[in-house]
Amino acid sequence: MDQILHVFIRPDLVDDLLKLVEDQGSWGATILRGRGSSHHQEQRFLNVAIERQVSLVVLVVDQVKISGLVEALKAHFDFDQGGVGLLCALPAYSVRGLDQRRS
């Protein structure tokens with residue numbers, strides 16, 4: 001069964017994340033941009049609040065590769081450090097449109 005990997009991460013770290021994902025043998029991601037909300041103190045510039053930007057990277061990953069990929073991401077990005085991001089994997093019960101996977 002495939003897994004859907006969701007990585008909410010700072011936009012400046014997306015390229016590093018995609019490189020690491022490819023190095024781990026996975027490919028093909030959807031990247032969405034948005035803004036985040038957290039308990040961290042808001043940043044201000046000239047007394048104007050700066051909204052935290054966030055990227056959501058979504059990947060469908062083969063069950064065999066998910067554990068190694070998650071461990072590599074945890075080792076490279078310190079998700080326990082505030083403001084870096086959030087990582088979660090969920091089972092994908094039905095996936096269509098991935099017939100052309102690389103081996």
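H6 is buried, at a relative accessible area of 18%. Buried here denotes under 20% relative accessible area, exposed over 50%, and partly exposed in between, with a 1.4 Å probe and protein chains only. The model is predicted: local features need pLDDT of at least 70, side-chain atom pairs count only at pLDDT 80 or more, and totals for chains, interfaces and linings use all residues. Residues are numbered from 1 along each chain as its sequence is written, and side-chain values use heavy atoms, with hydrogens and water left out.

H6 sits in strand β1. Strands (E, at least two residues) and helices (H or I, at least four) are DSSP runs, numbered from the N terminus. Beyond its neighbours within four places in sequence, H6 is in contact with L56, V57, V58, L86, L87, C88 and L90. Contact means heavy atoms within 4.5 Å. Strand β1 spans residues 2-9, and six of its eight residues are buried, so the strand is largely enclosed by the rest of the structure.

Strand pairing was assigned where DSSP finds at least two bridges between two strands. Four strands form an open, antiparallel sheet in the order β2-β5-β1-β6. The edges are held by β2 (29-35) and β6, each with a single partner strand, so one side of each lacks a neighbour in the sheet. On average, neighbouring strands are turned by 15° against each other, direction ignored. Axes are lines fitted to C-alpha atoms, for helices over the stretch in contact; angles run from 0 to 180 degrees between N-to-C directions.

Eight bridges link β1 to β6 (residues 85-92) in the antiparallel sense. Within this pair, I4 stands opposite L90. β1 is also joined to β5 (residues 53-61), antiparallel, by seven bridges. Here I9 faces S55 as its opposite residue. Seven bridges likewise connect β2 and β5, which run antiparallel. G34 stands opposite V54 in β5.

Two helices lie across the strands. Helix α1 (residues 14-23) lies across β1, β2 and β5, at about 10° to β5. Helix α2 (residues 63-76) lies across β1, β5 and β6, at about 20° to β1. The axes of α1 and α2 come within 10 Å and cross at roughly 145°. The contact involves D16, L17, L20 and V21 of α1, and L69, A72, L73 and H76 of α2. By class, six of these residues are nonpolar, one is polar and one is charged. Ala, Val, Leu, Ile, Met, Phe, Trp, Tyr, Cys and Pro count as nonpolar, Asp, Glu, Lys and Arg as charged, and the others, Gly among them, as polar.
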